[in-house]
Every structure is written in structure tokens, then in C-alpha cells.
Amino acid sequence: MEGAAADGQRSSRLTRELYTLLHDLVYILTAVTILFVFAVRLVGVDGDSMYPTLHNRDYLLLLSNVFYRNVEAGDIVVMNVPFYEDEPIVKRVIATEGQTVDIDFDAGVVYVDGVALEESYVASPTYLDYADLGQGLDYPVTVPEGHIFVLGDNRNASADSRFAPVGMVDERDVLGKVLLVLLPGTDAVTGARDWGRIGGVA
């Protein structure tokens, strides 16, 4: 009888422990789901338009647009642009509403409000002018209210706000701000992964 009672107590204790474990697991999964639905997102980079800052097949952590409201110049953002249909793109914000952008394509220099940008992050100077292909903008341009002007860091291999079908991007189309590289992709030159690139981007 005592053995049966002991077995019953052990069984009851095991049931309580399993229930507690399941209860905690449900709370953890709920918290993770809320975090990844409302606060952060995971996205992959497709292409080399942001090289050398971001590489093809990088996996990025974004601060979701639920919390990311004040877009600032210099931010790297992921957005939906009608020209690309359902494929999000990642670019750097160069100017926000009310600012004027001018580009000297001969010198490869970008100006915002008459000031030349110091762009240590670009792969090469900004020589690509889509006007040469009949699809560019007329500079200088002033960014409309509620819009941003974006460029890829790989300036001569990026279809961005210089390309008229993309143009100025509506801030409502921004999905979030890139916080960090979670998994590095392959380098455009070497084809290797640089694990030291894991972390924040600027």
C-alpha cells in the first residue's frame, strides 16, 4: 500500500512538473511570437546593391515599423517599393522630406541641402545616372512630404531613388530599420563568409 501511495505521489509530482513546463513554454513562445510580429523582423539580402556594408544573403534583424517611426538620414531601411512588386529592398536613407538632393555625376558627389556628403561607406563614387538611360530624375530634387530619398551603398550597381520607376519612397512603405547582421552572407569579391561582420551596421 505504501509503495502504491509513493508511486501515486511521484506520478502527481511529475504531472505538476510537466504542466509547469508546458505553461512556461507557452508563455515563452507567446513572448517570442509577439516580439517577432510587432517589434523586430528577420529579412535576407538579395543582391549586392548595398555592398560593402551588406552582402548578398546576409540575414538582418530589423526594428519593425511598428516602433520605428522617425526615419533619419543615414539609416539603412528595408522597404516595399511598387516597382519591385512583392520583393522588399534594402537601401540607405540619404534625405528626408523637405531636403534637396543634387548629384554631380562627373565627380561622383552627392549633395544634400548644398552640402557634399562624406560617404566612407560607399563602394565607389556615385557615377551612375539613370538619365543616361532615359529613366533618371532632374536634379536638384526636393523630397516631398512623407517621402525619403534612398541610395544603395554600391552606387554603380543599385536601382534606387535615382531610377525614376523607384523614385522617392513613401515612408509608409518602410518595413523597418536594419539593426544588425545576424548571419553574414558571401563577399562579392572573395565569395567567403566573414563571421566578424555579425553585429550592428552603420
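**Close-up views of a predicted model**

**View 1. The lining of the largest pocket is shown here, with its residues dividing into 10 nonpolar, three polar and four charged.** In this sorting, Ala, Val, Leu, Ile, Met, Phe, Trp, Tyr, Cys and Pro count as nonpolar, Asp, Glu, Lys and Arg as charged, and the others, Gly among them, as polar. The structure is a predicted model, in which local features need pLDDT of at least 70 and side-chain atom pairs count only at pLDDT 80 or more, while totals for chains, interfaces and linings use all residues. Residues are numbered from 1 along each chain as its sequence is written, and side-chain values use heavy atoms, with hydrogens and water left out.

The largest pocket has a volume of about 320 Å³, and of the 17 residues that line this pocket, G44, D46, P88, I89 and V90 are the closest to its centre. A pocket is an open set of points, on a 1 Å grid over the protein atoms alone, where a 1.4 Å probe fits, with protein on both sides within 12 Å along at least five of seven lines, and its lining residues have an atom within 4 Å of a point. The volume is the space filled by probe spheres set on the points, which are joined across faces, edges and corners. Strand 1 and strand 4 (89–96) each supply at least two residues of the lining, and the largest share, three residues, comes from strand 4. Strands are DSSP runs (E, at least two residues), numbered from the N terminus.

**View 2. An aromatic pair is formed by F83 and F163.** The ring centres of F83 and F163 lie 5.2 Å apart with the planes at 80°, so the pair is edge-to-face. This pair links distant parts of the chain, since F83 is in the loop between strand 3 (76–79) and strand 4, whereas F163, 80 residues apart from it, is in the loop between strand 9 (147–151) and strand 10 (169–170). Rings of Phe, Tyr and Trp (its six-membered ring) pair if their centres lie within 6.5 Å, and planes under 30 degrees apart count as stacked, over 60 as edge-to-face and the rest as tilted.

**View 3. The loop between strand 1 and strand 2 (59–64) contains P52.** A cis peptide bond, with omega of about 10°, joins Y51 and P52. R57 also lies in the loop between strand 1 and strand 2, and has a positive phi of about 75° although R57 is not a glycine.

Conventions
Helices (H or I, at least four residues) and strands (E, at least two) are DSSP runs, numbered from the N terminus.
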